[in-house]
Amino acid sequence: MIVHRITDWIGTRKRFILPLLLAALLLTVFFSRQEGGRASGVADSVSGPKIIVLNYHKVDRMNHPLSIPPADFEHQMAFLAQNGYHTITPHELYMAFTDGGDLPTNPVLITFDDGYADNYTYAYPILKKYGLKGTIFVITSLLDKNYPGYLTWGQAAEMDASGVISIESHTVTHGSLTDLTDEQIRYELTEAKHSIEQRLGKEVEFLAYPTGAYNLHIASLVREAGYKGAFTVRNGNMDRATNLYAIERVPIFQTPDTFASFLERLKFVPLFEQIGWNKH
Ligand SMILES: [Zn+2]
């Protein structure tokens, strides 16, 4: 009887309920894609502190969204250094996640994708000046070719040995891994890892997915190749509940007011987390 009443109730209101459900769905998708917002500043008691992973590409005077002018980059780094942020390396991140290693307060990873020569010319001295650490994900075939505008193996080795920069893998050719066969993916992953390890005499632990493209199968191949984690280009912050093979980052762009955009992105919290939904 009650069931019938409910069915009748829904039946008479179907033309209202369906559009409402659709609207709710659309709003959910819309808001899940929104960026920006303010950090709550409250760490989740289970997942631990938020770790911000900043994502840069070029640091030079090109008029391009992916290129941060050196003066702006310095302004950003000075802000981090003077406002209680502490940079960590991917290795420190891994130890904190797996070995109960300590994290400093306000932990930040400063990452650079692709390995442009300007990272050595501009970013490296600025990081050194402010006592900060960064990570550069390099494309090994370009290092091999002495490609113009690209880092050399000598520069990569110097930065890695200094302790200021960790050199990690961005594969051999930067091909989008979702477009490749398993055999090709394995080559991209293992060859880049071995190549950096041989040249720099260190263990390569992390990967940045070229173009950000990945899926669960690719993540399993990354793990199989011996990497301890991988960075995506999905927007978000990480905490102890994050899967190490799907680490989200916060991209930093050149905008009409690059520093204001930087501050806004530093405080980025996905909307669902702002309203208390946990993504995990
Ligand atoms: Zn890239």
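In which strand is threonine 135 found? Threonine 135 sits in strand β4, residues 134-138. Strands here are DSSP runs of E with at least two residues, helices are runs of H or I with at least four, and both are numbered from the N terminus.

Before I go on, a word on the source. This is a predicted model, in which local features need pLDDT of at least 70 and side-chain atom pairs count only at pLDDT 80 or more, while totals for chains, interfaces and linings use all residues. Residues are numbered from 1 along each chain as its sequence is written, and side-chain values use heavy atoms, with hydrogens and water left out.

Back to threonine 135. Its relative accessibility is 1%, so threonine 135 counts as buried. Buried means under 20% relative accessible area, exposed means over 50%, and partly exposed is in between, with a 1.4 Å probe and protein chains only. Setting aside neighbours within four places in sequence, threonine 135 is in contact with Pro90, Ile110, Thr111, Phe112, Ser166 and Glu168. Contact means heavy atoms within 4.5 Å.

Next, the metal. Asp114 (OD), His170 (NE2) and His174 (NE2) coordinate the zinc ion at 2.1 to 2.2 Å. Aspartate 114 is in strand β3 (residues 107-114) and histidine 170 is in the loop between β5 (165-169) and α7 (182-200), so this pair ties together parts 56 residues apart in sequence. Donors are N, O and S atoms within 2.8 Å of the metal, or 3.2 Å for Na, K and Ca; water is not among the atoms, so sites may look incomplete. Aspartate 114 is buried at 8% relative accessibility, and histidine 170 is buried at 1%.

Now helix α4, residues 117-129. With 13 residues at 1.5 Å a residue, α4 should span 18 Å, and its end C-alpha atoms are 18 Å apart, which agrees. The expected span is 1.5 Å times one less than the number of residues. At alanine 123 there is a kink of about 40°, shortly before proline 125. The bend at a residue is the angle between axes fitted to the seven residues ending there and the seven starting there. The buried residues of α4 include Ala123, Tyr124 and Leu127. Among the elements covering the buried residues of α4 are α2 (70-82), β3 and β4. Just after α4, glycine 131 has a positive phi of about 65°.

What about strand β8, residues 247-251? Five of its five residues are buried. Ile247, Arg249 and Pro251 point one way, while Glu248 and Val250 point the other. Strand β1 (residues 52-56) pairs with β8 in the parallel sense over two bridges, with leucine 54 opposite valine 250. Strand β7 (residues 229-235) also runs parallel to β8, joined by two bridges, and phenylalanine 231 stands opposite isoleucine 247. Two strands pair if DSSP finds at least two bridges between them.

Last, the charged pairs. How many salt bridges does a search of the whole structure find? The search finds 14. A salt bridge is a side-chain nitrogen of Lys or Arg within 4 Å of a carboxyl oxygen of Asp or Glu. One of them joins lysine 50 and aspartate 239 at 3.1 Å, N to O. Lysine 50 is in the loop between α1 (2-32) and β1, and aspartate 239 is in the loop between β7 and β8, 189 residues apart. Lysine 50 is partly exposed at 29%, whereas aspartate 239 is buried at 3%. A network of salt bridges links Lys58, Asp60 and Asp118.
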